[in-house]
Amino acid sequence: MYEKYYSKHPTTFNLYAYAPPGYELGDYTLDKSHLMGFKTVEGFTDYKNVGFNMVMSGCIATYYGEDWQTSMCKRVMDVVYEAGISKYIVGDQAFYELSCKKDGIIGEGKAFDSEESLDKFVADRIKDYSKHPAFYGIYLKDEPHYYLFKSFGEICRSIKRVCPTAFVYCNLLPLDTLRWMDERYPKGGDLFERRTKYLELFLNETGCDYIMYDDYPFCYNKENKVLYLRCLQNAAEICRDRNIKFSFVAQSFSMKINKQDYYWVPSEREMRYQLNLLLGFGVRELGFFTYFPHGANSTEDFPDDGAMMTSAGEKMQLYYDTQKVIKELWDIIPLVTQFTYNRSAYEVATFDSFLKQLDYAKNEKLDGVESFTTDTEGVLINELFDGKNGRYLYRIINVAEISCDATKDRVQTTTIKFDGKYKKADVFKDGKWRTVDLNGDLCLKLVSGESAYVLPY
């Protein structure tokens, strides 16, 4: 089945990282002849070699409206394109500032008196960089509160009227406790209803055809990650119901808060677990936070060895681990991207690795699975559906915490009883496909964080 219908299917999948080459916190400057620091063809070639095919510029080359021909923005876009990357998200200070304004930018007493005047401003602002062969889009304020969505919408719709092919990059907030989100989410309803309102309001105001947010599972504060899976389910369901794209920013950093360890750098196994988990929820574009270390603030500190590269340009183990896992993903991406997320279900046998992410996750009935059991810790099954061909795909993953000494090498045996109409299945595990006779049941052995993909027929 896999060979016949999916193995040769062409697909596009954007991969990129925050704090790309050139994120040097002001340590380097531009002279009249060349770019300093890592804003070079060599720097972006290293970046590309991880597996990245898009650049989200961040603050490495913000455009302030200066002369285009001599601007840092043009120089970096030239370098990126020469390195072989043809998708570049521009950071334009004017759009960033407009996206920070509450309750709209059009109307009496606001920045623009009409859509026409806004469109004229947008057309003039983007007239140069939008013609660059590397141009892909423009980004707005990160993690906006709901009361900024009217401004977001007016900006997004104007950019689309002026340049229909431009992508407008908007990274949203995850599901978090009411203590942190009360001001950020719309009022009315419980925490989960308010997060849904937040996402729906963004989509309705902007007309965007995607949901994107960042969330990081490898955290010493276990209570802080209790909503991680429920948040994925929430976004995946909205993307399913609206037939829109799910984009996600994954963890590739460590961080201290008030000098105490808070997030840790994912290991190779943890990176593999994280990305396969996300693919099973229908994520079809992946960002990574971060490539270079991020800048510190009054409470958050990002260690120099807590990213893929040090500030001096030394490749860390995470660089090679991410490179390896991304390469592996391309063995399954052509298949998974032909399916959309449908539902998810889990089963728990023991709690040695805490499994707090399952506390609020939905446990649903899967269409093509009659029942399933596991013998240790927790297993999560995501059901995806190919409406064009009427076929199901199942991603099975051992969700035991990989860093837990009590479970990291323990083999989990999960037995799945599929609908009786299925006689065979193509199973992807350990980088290889095999075809098995089902006879009703399929037995999978997975260590913590390991996954398998099953295509029954």
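Guide: A cavity is a set of grid points where a 1.4 Å probe fits but cannot get out. The model shown here is predicted, and the largest cavity in it holds about 310 Å³ of space.

Visitor: How many cavities of 30 Å³ or more does the structure hold?

Guide: The structure holds one cavity of that size. Among the 21 residues that line the largest cavity, Pro-217, Ser-353, Gln-357, Val-399 and Glu-401 are the closest to its centre.

Visitor: What is the make-up of the lining of the largest cavity by class?

Guide: The lining of the largest cavity divides into 13 nonpolar, three polar and five charged residues.

Visitor: Which residues are the closest to the centre of the second largest pocket?

Guide: The second largest pocket contains about 400 Å³ of space. Of its 19 lining residues, the closest to the centre are Ile-244, Lys-245, Gly-282, Arg-284 and Thr-340. Two or more residues of this lining come from each of H9, strand S7 (245-251) and strand S12 (340-348). The largest share, three residues, comes from H9. The lining of the second largest pocket has eight nonpolar, seven polar and four charged residues.

Visitor: Let us turn to the nonpolar cores. How many residues has the largest nonpolar core?

Guide: A nonpolar core joins buried residues through side-chain atoms within 4.5 Å. The largest one here has 137 residues, and Leu-286 and Phe-288 have the most contacts inside it. Helix H9 (residues 228-242) provides the largest share of this core, eight residues. A second, separate core has 21 residues, including Val-369, Val-436, Leu-438 and Leu-446.

Visitor: How is the chain as a whole to be read, and how many helices and strands has it?

Guide: The protein chain has twelve helices and 20 strands. Its radius of gyration is 23 Å, close to the 23 Å that the globule rule gives for 457 residues, so the chain is as compact as a globular protein of that length. Along the principal axes, the C-alpha atoms fill a box of roughly 70 × 50 × 50 Å. Buried residues account for 56% of the 457 residues. Of the contacts between residues at least 6 apart in sequence, 73% join residues at least 24 apart.

Visitor: What should I look for in the backbone geometry?

Guide: Most residues other than glycine have a negative phi, and most peptide bonds are trans.

Visitor: Which residues does a cis peptide bond join?

Guide: Phe-289 and Thr-290 are joined by a cis peptide bond, with omega of about 10°. Thr-290 belongs to the loop between strand S10 (283-289) and strand S11 (300-301).

Visitor: Where does Glu-143 lie, and what is its phi?

Guide: Glu-143 is in the loop between strand S4 (135-139) and helix H6 (149-162). Its phi is positive, about 50°, although Glu-143 is not a glycine. Glu-143 is partly exposed, with a relative accessible area of 27%, and is among the residues closest to the centre of the largest pocket.

Visitor: Is Asn-243 buried or exposed?

Guide: Asn-243 is exposed, its relative accessible area being 68%; the cut-off for that term is over 50%. Asn-243 has a positive phi of about 55° and is found in the loop between H9 and S7.

Terms used: Residues numbered from 1 in each chain as written. Predicted model: local features only at pLDDT ≥ 70, side-chain atom pairs only at ≥ 80, totals over all residues. Heavy atoms only, no water. Buried < 20%, exposed > 50% of the residue type's maximum accessible area, 1.4 Å probe, protein only. Helix = DSSP H or I, 4+ residues; strand = E, 2+ residues; numbered from the N terminus. 1 Å grid on protein atoms, 1.4 Å probe; cavity = no way out; pocket = protein on both sides within 12 Å on 5 of 7 lines; lining within 4 Å. Points joined across faces, edges and corners; volume = space filled by probe spheres on them. Nonpolar A, V, L, I, M, F, W, Y, C, P; charged D, E, K, R; others polar. Rg over C-alpha atoms; globule rule 2.2 N^0.38 Å. Contact = heavy atoms within 4.5 Å.
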